[in-house]
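Open the model in a viewer and keep the selection panel at hand.

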Amino acid sequence: ASVNGKDILQSDLDKEMNRFEGQMGVSGQPPDPAQRDAIKKKVLDNLVQRELLFQESVRLGIKIDDQELSEQLNELKARFTGDEDFQNALKRLKMSEGELRDEFKRRLMVKKMIDQVIADKVQITAEETKSFYDGNPNFFKAPERIRASHILVKVEPNASESDKAAARKKIEEIQKRLEKGEDFAAVAKAVSDCPSAARGGDLDYFQRGQMVAPFEEAAFSLKPGETSGIVETQFGYHLIKVSDRKEPGVIVYDEIKSEIESHLRQQKVNERYASYIEELKSKARIEMSTP
(Lines give C-alpha, C1' and ligand atoms only; values in the text may rest on other atoms or scores of the structure.)
Protein backbone atom coordinates (compact mmCIF):
# COMPACT_ATOMS: atom_id res chain seq x y z
CA ALA A 1 0.00 0.00 0.00
CA SER A 2 0.95 3.64 -0.33
CA VAL A 3 -0.34 6.48 1.88
CA ASN A 4 0.32 9.96 0.49
CA GLY A 5 3.46 8.59 -1.16
CA LYS A 6 4.71 6.72 1.93
CA ASP A 7 5.02 3.04 1.10
CA ILE A 8 3.87 0.23 3.36
CA LEU A 9 6.01 -2.69 2.26
CA GLN A 10 5.31 -6.40 2.16
CA SER A 11 7.94 -6.76 4.89
CA ASP A 12 5.95 -4.33 7.09
CA LEU A 13 2.82 -6.40 6.57
CA ASP A 14 4.65 -9.68 7.24
CA LYS A 15 6.15 -8.32 10.46
CA GLU A 16 2.78 -7.05 11.67
CA MET A 17 1.12 -10.37 10.78
CA ASN A 18 3.78 -12.23 12.78
CA ARG A 19 3.11 -10.00 15.79
CA PHE A 20 -0.64 -10.37 15.46
CA GLU A 21 -0.49 -14.16 15.15
CA GLY A 22 1.98 -14.33 18.06
CA GLN A 23 -0.34 -12.29 20.27
CA MET A 24 -3.29 -14.48 19.27
CA GLY A 25 -1.28 -17.57 20.19
CA VAL A 26 -0.30 -16.17 23.58
CA SER A 27 -3.96 -15.41 24.31
CA GLY A 28 -4.84 -19.04 23.57
CA GLN A 29 -6.74 -18.18 20.38
CA PRO A 30 -4.48 -19.06 17.43
CA PRO A 31 -5.82 -17.63 14.15
CA ASP A 32 -7.82 -19.90 11.88
CA PRO A 33 -5.81 -20.53 8.64
CA ALA A 34 -9.07 -20.25 6.66
CA GLN A 35 -9.42 -16.67 7.91
CA ARG A 36 -5.84 -15.64 7.15
CA ASP A 37 -6.70 -13.56 4.06
CA ALA A 38 -9.37 -11.64 5.98
CA ILE A 39 -6.96 -11.12 8.89
CA LYS A 40 -4.25 -9.93 6.51
CA LYS A 41 -6.64 -7.37 4.99
CA LYS A 42 -7.60 -6.13 8.45
CA VAL A 43 -3.94 -5.84 9.49
CA LEU A 44 -3.11 -3.92 6.30
CA ASP A 45 -6.05 -1.58 6.87
CA ASN A 46 -4.74 -0.94 10.39
CA LEU A 47 -1.27 -0.16 9.02
CA VAL A 48 -2.79 2.31 6.56
CA GLN A 49 -4.86 3.92 9.31
CA ARG A 50 -1.85 4.21 11.65
CA GLU A 51 0.24 5.79 8.90
CA LEU A 52 -2.53 8.28 8.13
CA LEU A 53 -2.81 9.28 11.79
CA PHE A 54 0.95 9.55 12.19
CA GLN A 55 1.25 11.78 9.12
CA GLU A 56 -1.50 14.02 10.45
CA SER A 57 0.23 14.26 13.86
CA VAL A 58 3.42 15.37 12.09
CA ARG A 59 1.45 17.91 10.03
CA LEU A 60 -0.06 19.35 13.21
CA GLY A 61 3.35 19.67 14.82
CA ILE A 62 2.76 17.16 17.64
CA LYS A 63 5.96 16.57 19.64
CA ILE A 64 7.04 13.90 22.15
CA ASP A 65 10.12 14.75 24.18
CA ASP A 66 12.72 12.14 25.16
CA GLN A 67 11.78 12.25 28.84
CA GLU A 68 8.11 11.52 28.11
CA LEU A 69 9.09 8.67 25.81
CA SER A 70 11.51 7.18 28.35
CA GLU A 71 8.89 7.34 31.10
CA GLN A 72 6.43 5.40 28.96
CA LEU A 73 9.04 2.76 28.06
CA ASN A 74 10.09 2.39 31.69
CA GLU A 75 6.46 1.85 32.68
CA LEU A 76 6.26 -0.93 30.09
CA LYS A 77 9.51 -2.54 31.26
CA ALA A 78 8.29 -2.47 34.88
CA ARG A 79 5.55 -4.96 33.92
CA PHE A 80 8.20 -7.61 33.31
CA THR A 81 10.06 -9.60 35.96
CA GLY A 82 13.40 -8.33 34.71
CA ASP A 83 15.40 -7.27 31.66
CA GLU A 84 15.78 -10.86 30.44
CA ASP A 85 12.00 -11.32 30.49
CA PHE A 86 11.60 -8.02 28.59
CA GLN A 87 14.21 -8.99 25.97
CA ASN A 88 12.56 -12.40 25.48
CA ALA A 89 9.24 -10.65 24.84
CA LEU A 90 10.92 -8.50 22.16
CA LYS A 91 12.35 -11.63 20.53
CA ARG A 92 8.91 -13.23 20.42
CA LEU A 93 7.62 -10.11 18.67
CA LYS A 94 10.71 -10.08 16.38
CA MET A 95 11.36 -6.47 17.37
CA SER A 96 14.47 -4.63 18.57
CA GLU A 97 14.38 -2.18 21.47
CA GLY A 98 15.10 0.63 19.00
CA GLU A 99 12.14 -0.40 16.85
CA LEU A 100 9.96 -0.54 19.95
CA ARG A 101 11.08 2.97 20.91
CA ASP A 102 10.25 4.29 17.44
CA GLU A 103 6.84 2.57 17.49
CA PHE A 104 6.12 3.99 20.94
CA LYS A 105 7.00 7.49 19.78
CA ARG A 106 4.66 7.24 16.79
CA ARG A 107 1.82 5.94 18.94
CA LEU A 108 2.32 8.59 21.62
CA MET A 109 2.25 11.30 18.95
CA VAL A 110 -1.02 9.91 17.58
CA LYS A 111 -2.53 9.60 21.06
CA LYS A 112 -1.62 13.19 21.92
CA MET A 113 -3.13 14.37 18.64
CA ILE A 114 -6.39 12.41 19.21
CA ASP A 115 -6.62 13.86 22.72
CA GLN A 116 -6.20 17.40 21.41
CA VAL A 117 -8.38 17.09 18.32
CA ILE A 118 -11.17 14.91 19.71
CA ALA A 119 -11.10 13.69 23.33
CA ASP A 120 -10.39 17.03 25.03
CA LYS A 121 -13.32 18.61 23.18
CA VAL A 122 -15.92 16.00 24.17
CA GLN A 123 -18.22 17.08 26.98
CA ILE A 124 -21.07 15.12 28.56
CA THR A 125 -23.80 17.09 30.30
CA ALA A 126 -25.68 16.13 33.46
CA GLU A 127 -28.83 15.97 31.35
CA GLU A 128 -27.26 13.34 29.08
CA THR A 129 -26.16 11.11 31.96
CA LYS A 130 -29.57 11.37 33.69
CA SER A 131 -31.39 10.67 30.44
CA PHE A 132 -29.27 7.55 29.87
CA TYR A 133 -29.95 6.37 33.44
CA ASP A 134 -33.71 6.93 33.15
CA GLY A 135 -33.90 5.34 29.70
CA ASN A 136 -32.01 2.14 30.55
CA PRO A 137 -33.34 0.84 33.87
CA ASN A 138 -32.29 -2.75 33.15
CA PHE A 139 -28.63 -1.68 33.05
CA PHE A 140 -28.71 -0.64 36.68
CA LYS A 141 -30.24 -3.63 38.42
CA ALA A 142 -27.87 -4.71 41.18
CA PRO A 143 -27.75 -8.24 42.63
CA GLU A 144 -26.99 -8.90 46.28
CA ARG A 145 -23.42 -7.78 47.01
CA ILE A 146 -21.14 -7.92 50.00
CA ARG A 147 -17.93 -6.16 50.87
CA ALA A 148 -15.39 -8.45 52.48
CA SER A 149 -11.76 -8.65 53.50
CA HIS A 150 -9.69 -11.77 53.90
CA ILE A 151 -6.41 -13.13 55.18
CA LEU A 152 -4.82 -15.82 53.05
CA VAL A 153 -2.18 -18.36 53.95
CA LYS A 154 -1.23 -19.62 50.52
CA VAL A 155 -0.85 -23.33 49.75
CA GLU A 156 0.72 -24.30 46.42
CA PRO A 157 -1.25 -26.82 44.29
CA ASN A 158 1.57 -29.38 44.54
CA ALA A 159 2.27 -28.78 48.23
CA SER A 160 3.27 -31.74 50.39
CA GLU A 161 1.19 -32.86 53.36
CA SER A 162 3.75 -31.34 55.73
CA ASP A 163 3.52 -27.99 53.90
CA LYS A 164 -0.27 -28.08 54.14
CA ALA A 165 -0.05 -28.86 57.84
CA ALA A 166 2.34 -25.94 58.40
CA ALA A 167 -0.03 -23.60 56.53
CA ARG A 168 -2.98 -24.86 58.58
CA LYS A 169 -1.06 -24.23 61.79
CA LYS A 170 -0.20 -20.72 60.62
CA ILE A 171 -3.83 -19.80 59.85
CA GLU A 172 -4.90 -21.20 63.23
CA GLU A 173 -2.37 -18.96 64.97
CA ILE A 174 -3.67 -15.96 63.01
CA GLN A 175 -7.21 -16.89 63.99
CA LYS A 176 -6.21 -16.85 67.66
CA ARG A 177 -4.75 -13.35 67.25
CA LEU A 178 -8.06 -12.11 65.86
CA GLU A 179 -10.01 -13.82 68.64
CA LYS A 180 -7.88 -11.92 71.16
CA GLY A 181 -9.01 -8.65 69.58
CA GLU A 182 -6.30 -7.70 67.11
CA ASP A 183 -7.46 -5.52 64.21
CA PHE A 184 -8.33 -7.61 61.11
CA ALA A 185 -6.94 -5.08 58.60
CA ALA A 186 -3.68 -4.65 60.51
CA VAL A 187 -3.15 -8.42 60.74
CA ALA A 188 -3.99 -8.83 57.04
CA LYS A 189 -1.39 -6.20 56.10
CA ALA A 190 1.21 -7.99 58.19
CA VAL A 191 0.67 -11.65 57.27
CA SER A 192 -1.71 -12.23 54.33
CA ASP A 193 -0.25 -13.83 51.19
CA CYS A 194 -2.78 -12.11 48.92
CA PRO A 195 -1.98 -8.83 47.07
CA SER A 196 -5.04 -7.41 48.86
CA ALA A 197 -2.88 -7.35 52.02
CA ALA A 198 -1.77 -3.85 50.99
CA ARG A 199 -5.42 -2.76 51.45
CA GLY A 200 -5.85 -4.58 54.75
CA GLY A 201 -7.28 -7.57 52.90
CA ASP A 202 -10.13 -5.56 51.36
CA LEU A 203 -11.70 -7.17 48.27
CA ASP A 204 -14.30 -4.43 47.76
CA TYR A 205 -17.86 -5.40 46.81
CA PHE A 206 -18.55 -8.61 44.91
CA GLN A 207 -21.59 -10.66 43.94
CA ARG A 208 -22.25 -14.36 43.72
CA GLY A 209 -20.31 -16.08 40.97
CA GLN A 210 -17.20 -13.93 41.26
CA MET A 211 -15.32 -15.98 43.88
CA VAL A 212 -14.52 -19.69 44.14
CA ALA A 213 -17.39 -21.68 45.65
CA PRO A 214 -16.09 -22.41 49.20
CA PHE A 215 -15.03 -18.78 49.66
CA GLU A 216 -18.34 -17.45 48.33
CA GLU A 217 -20.45 -19.82 50.44
CA ALA A 218 -18.64 -18.78 53.61
CA ALA A 219 -18.64 -15.05 52.83
CA PHE A 220 -22.34 -14.81 51.94
CA SER A 221 -23.28 -16.68 55.13
CA LEU A 222 -21.78 -13.90 57.29
CA LYS A 223 -23.44 -10.77 58.62
CA PRO A 224 -21.61 -7.41 58.53
CA GLY A 225 -18.97 -7.40 61.25
CA GLU A 226 -18.70 -11.19 61.46
CA THR A 227 -15.53 -13.18 60.75
CA SER A 228 -15.58 -16.69 59.33
CA GLY A 229 -13.91 -19.80 60.57
CA ILE A 230 -11.03 -21.22 58.54
CA VAL A 231 -12.05 -21.67 54.90
CA GLU A 232 -10.07 -23.92 52.56
CA THR A 233 -9.96 -23.24 48.81
CA GLN A 234 -7.65 -24.17 45.96
CA PHE A 235 -5.52 -21.16 46.93
CA GLY A 236 -4.98 -22.10 50.57
CA TYR A 237 -6.58 -21.17 53.89
CA HIS A 238 -8.65 -18.03 54.43
CA LEU A 239 -10.22 -16.03 57.22
CA ILE A 240 -12.99 -13.79 55.90
CA LYS A 241 -14.59 -10.71 57.42
CA VAL A 242 -17.70 -9.07 55.93
CA SER A 243 -17.99 -5.32 56.43
CA ASP A 244 -21.15 -4.49 54.44
CA ARG A 245 -24.03 -6.07 52.54
CA LYS A 246 -26.16 -4.52 49.80
CA GLU A 247 -29.49 -6.19 49.09
CA PRO A 248 -30.71 -6.68 45.48
CA GLY A 249 -32.15 -3.53 43.96
CA VAL A 250 -31.43 -0.68 41.57
CA ILE A 251 -28.19 1.24 41.78
CA VAL A 252 -29.05 4.83 42.66
CA TYR A 253 -28.12 7.50 40.14
CA ASP A 254 -25.57 9.31 42.33
CA GLU A 255 -23.57 6.08 42.76
CA ILE A 256 -23.30 5.38 39.06
CA LYS A 257 -23.40 8.79 37.33
CA SER A 258 -19.60 9.11 36.98
CA GLU A 259 -19.43 5.69 35.27
CA ILE A 260 -22.29 6.66 32.96
CA GLU A 261 -20.46 9.86 32.09
CA SER A 262 -17.27 7.91 31.29
CA HIS A 263 -19.22 5.45 29.15
CA LEU A 264 -21.03 8.17 27.19
CA ARG A 265 -17.83 10.15 26.79
CA GLN A 266 -15.93 7.15 25.39
CA GLN A 267 -18.85 6.36 23.10
CA LYS A 268 -18.82 9.90 21.74
CA VAL A 269 -15.02 9.86 21.36
CA ASN A 270 -15.24 6.58 19.40
CA GLU A 271 -17.89 8.02 17.08
CA ARG A 272 -15.88 11.17 16.40
CA TYR A 273 -12.70 9.12 15.98
CA ALA A 274 -14.36 6.97 13.30
CA SER A 275 -15.56 10.10 11.48
CA TYR A 276 -12.10 11.66 11.78
CA ILE A 277 -10.49 8.59 10.18
CA GLU A 278 -12.94 8.72 7.28
CA GLU A 279 -12.25 12.41 6.83
CA LEU A 280 -8.50 11.80 6.68
CA LYS A 281 -9.00 8.96 4.19
CA SER A 282 -11.15 11.15 1.94
CA LYS A 283 -8.32 13.71 1.70
CA ALA A 284 -5.47 11.21 1.33
CA ARG A 285 -3.92 9.45 -1.66
CA ILE A 286 -4.20 5.79 -0.73
CA GLU A 287 -3.15 3.10 -3.20
CA MET A 288 -3.55 -0.61 -2.50
CA SER A 289 -1.91 -3.34 -4.55
CA THR A 290 -3.04 -6.96 -4.66
CA PRO A 291 -0.66 -9.97 -4.74
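Buried means under 20% relative accessible area, exposed over 50%, and partly exposed in between (1.4 Å probe, protein chains only). Helices (H or I, at least four residues) and strands (E, at least two) are DSSP runs, numbered from the N terminus. This is a predicted model, in which local features need pLDDT of at least 70 and side-chain atom pairs count only at pLDDT 80 or more, while totals for chains, interfaces and linings use all residues. Residues are numbered from 1 along each chain as its sequence is written, and side-chain values use heavy atoms, with hydrogens and water left out.

Select helix α9, residues 213–220: F215, E216, A218, A219 and F220 are buried there. Next, show what covers these buried residues; the cover includes β4 (145–154), β5, β6 (231–233) and β7 (236–246).

Stay with strand β5, residues 202–207, and pick D204 in it. The phi of D204 is near 65 degrees, a positive value in a residue other than glycine. With a relative accessible area of 39%, D204 is partly exposed.

Go to N4, in the loop between β1 (2–3) and β2 (6–7). N4 is another residue other than glycine with positive phi, near 50 degrees. Its relative accessible area is 31%, so N4 is partly exposed.

Last, select helix α3, residues 66–77, and find E75 in it. E75 counts as partly exposed because its relative accessibility is 48%.

Terms used
Contact means heavy atoms within 4.5 Å.
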